[in-house]
Amino acid sequence: MKYNRTFNFSAGPAMMPEPVLEEIRDEMMNYRGSGMCVMEMSHRSKVFQQIIDEAEADLRELMNIPDNYKVLFIQGGATLQFAAIPWNLMKNGKAVYVETGAWSKKAIAEAKKYGEVIVAASSKDKNFSYIPDCSDLDIPEDADYVYICENETIHGVTWNKLPNTKGHVLVSDQSSMFLSKPCNVSDYGMIYAGVQKNVGPAGMVVVIIREDLIREDIDPKMPVYMSYKTHADNGSMYNTPNCWAIYCCGKVFKYLKSIGGLEEMHKRNIAKAKVIYDFLDSSKMFKGTVEPEFRSLMNIPFVTGSAELDAEVVAATKAAGYDNLKGHKSVGGLRASVYNAMPIEGAQALVEFLKKFEAEHK
Ligand SMILES: *Cc1c(COP(=O)(O)O)cnc(C)c1O
């Protein structure tokens with residue numbers, strides 16, 4: 001492999017497209033004649049304004065974001081949004097959440113600090129190995145929104161069909177699936193994603209929010225940074241934004257456009273995940289932990305059935321140059337995260353390795 005890079009199966013931060021890293025390298029010492037690196041640049045400069053404007057425009061084009069939605073680049077990761085969402089969006093002090101794994105659980109726990117949280121459906125009964133039926137949820141008329149985590153990074157489950165919100169606003173955590181497939185933005189009131197899983201470097205979240213949900217009448221005690229209005233009114237530059245992440249993500253948006261957009265990305269992701277799932281379905285040693293219908297294209301947890309053997313496999317993969325395959329402690333076993341930037345060759349190489357391991361450990 002060029003540069004002797006490893007196939008990195010990390011759940012995040014994760015791989016970035018090689019052409020993007022090369023461009024960043026080439027612009028490192030002197031960004032397009034500015035005489036400086038983007039890291040050294042004033043966020044109030046014309047050069048940086050162009051970087052952020054282009055990043056937003058490219059993302060809007062990629063996702064076909066309607067004009068009545070704002071795109072915000074905010075620090076604090078996805079975790080800060082667990083609090084920002086209820087604090088900003090709970091007008092009636094009530095929201096419905098669907099519990100599908102570790103990340104929706106965390107969002108629920110945080111939201112409870114700000115109002116009444118109704119968990120209308122859960123897949124806890126089977127250790128979050130499926131998505132519950134959400135075609136007829138019990139949603140109070142005055143609930144402010146319905147919240148889902150659209151791809152559970154740790155448990156490896158994903159939504160194939162959005163819940164029936166019965167006219168309520170849908171809020172979705174897309175952190176570990178952002179830009180992995182086409183998305184109809186107008187199905188949602190708000191989409192957000194920490195970028196370090198599927199886009200760029202850590203330290204930023206992208207928020208796509210319908211304008212009418214941005215409130216003036218927020219709690220006066222809310223920190224100015226937590227209010228969506230602050231970021232919307234100031235073009236994501238009320239204070240110094242994460243300039244570096246905006247720059248790198250902008251390059252990834254352009255890269256995705258250059259390969260044919262989200263439809264092409266989706267095709268590649270399906271083909272890549274299929275390599276691993278086909279192997280898991282045919283293996284006698286390894287098996288996937290998620291019901292087939294709800295399997296994530298991005299995060300693939302699997303087990304041998306023996307914690308000892310799992311640990312042996314993890315050690316062997318690491319020694320062979322496939323990094324970060326240890327499963328999260330709440331699920332155990334292994335997990336292969338195969339985000340957009342993981343080439344299909346990585347999935348194929350991993351499967352070849354696991355096949356060989358299985359043959360040698362009969
Ligand atoms: C990683 C992750 C988070 C937390 O992201 P941070 O940016 O580390 O706060 C939230 N939700 C999902 C689905 C994630 O995968």
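Ligand shell and domain arrangement

The largest share of the shell around the ligand comes from helix α3, which spans residues 77-89 and contributes four residues. The structure described here is a predicted model. The shell comprises 13 residues, of which Thr79, Thr153, Asp173, Gln196 and Lys197 come nearest to the ligand. Sorted by class, the residues of this shell are seven polar, four nonpolar and two charged.

For Thr79, an N or O atom of the side chain is 2.5 Å from an oxygen atom of the ligand. For Ala78, the atom concerned belongs to the backbone: an N or O atom there lies 3.1 Å from an oxygen atom of the ligand. Asp173 faces a nitrogen atom of the ligand instead, with a polar side-chain atom at 2.6 Å. On its own the ligand has 380 Å² of accessible area, and the protein covers 87% of this.

The domain assignment divides the protein into domain 1, residues 20-258, and domain 2, residues 261-360. The distance between the C-alpha centres of domain 1 and domain 2 is 27 Å. Contacts between the two domains involve 28 residues of domain 1 and 23 residues of domain 2. The size of an interface is often given as the accessible area lost when the parts come together. For domain 1 and domain 2, the buried area is about 2100 Å², and carbon and sulfur atoms give 55% of it.

Conventions: Residues are numbered from 1 along each chain as its sequence is written. This is a predicted model: local features need pLDDT of at least 70, side-chain atom pairs count only at pLDDT 80 or more; totals for chains, interfaces and linings use all residues. Side-chain values use heavy atoms; hydrogens and water are left out. A residue is near a molecule or strand if one of its heavy atoms lies within 4 Å of it. A polar contact is a pair of N or O atoms within 3.5 Å; within protein, one must be able to donate a hydrogen and the other to accept it, and residues adjacent in sequence count only if both atoms are side-chain atoms. Accessible areas come from the Shrake-Rupley method with a 1.4 Å probe; for residues, only the protein chains shown count as cover. Helices (H or I, at least four residues) and strands (E, at least two) are DSSP runs, numbered from the N terminus. Ala, Val, Leu, Ile, Met, Phe, Trp, Tyr, Cys and Pro count as nonpolar, Asp, Glu, Lys and Arg as charged, and the others, Gly among them, as polar. Domain bounds come from an automatic or database domain assignment. Contact means heavy atoms within 4.5 Å. Buried area is the accessible area (1.4 Å probe) that two parts lose on being put together, summed over both.
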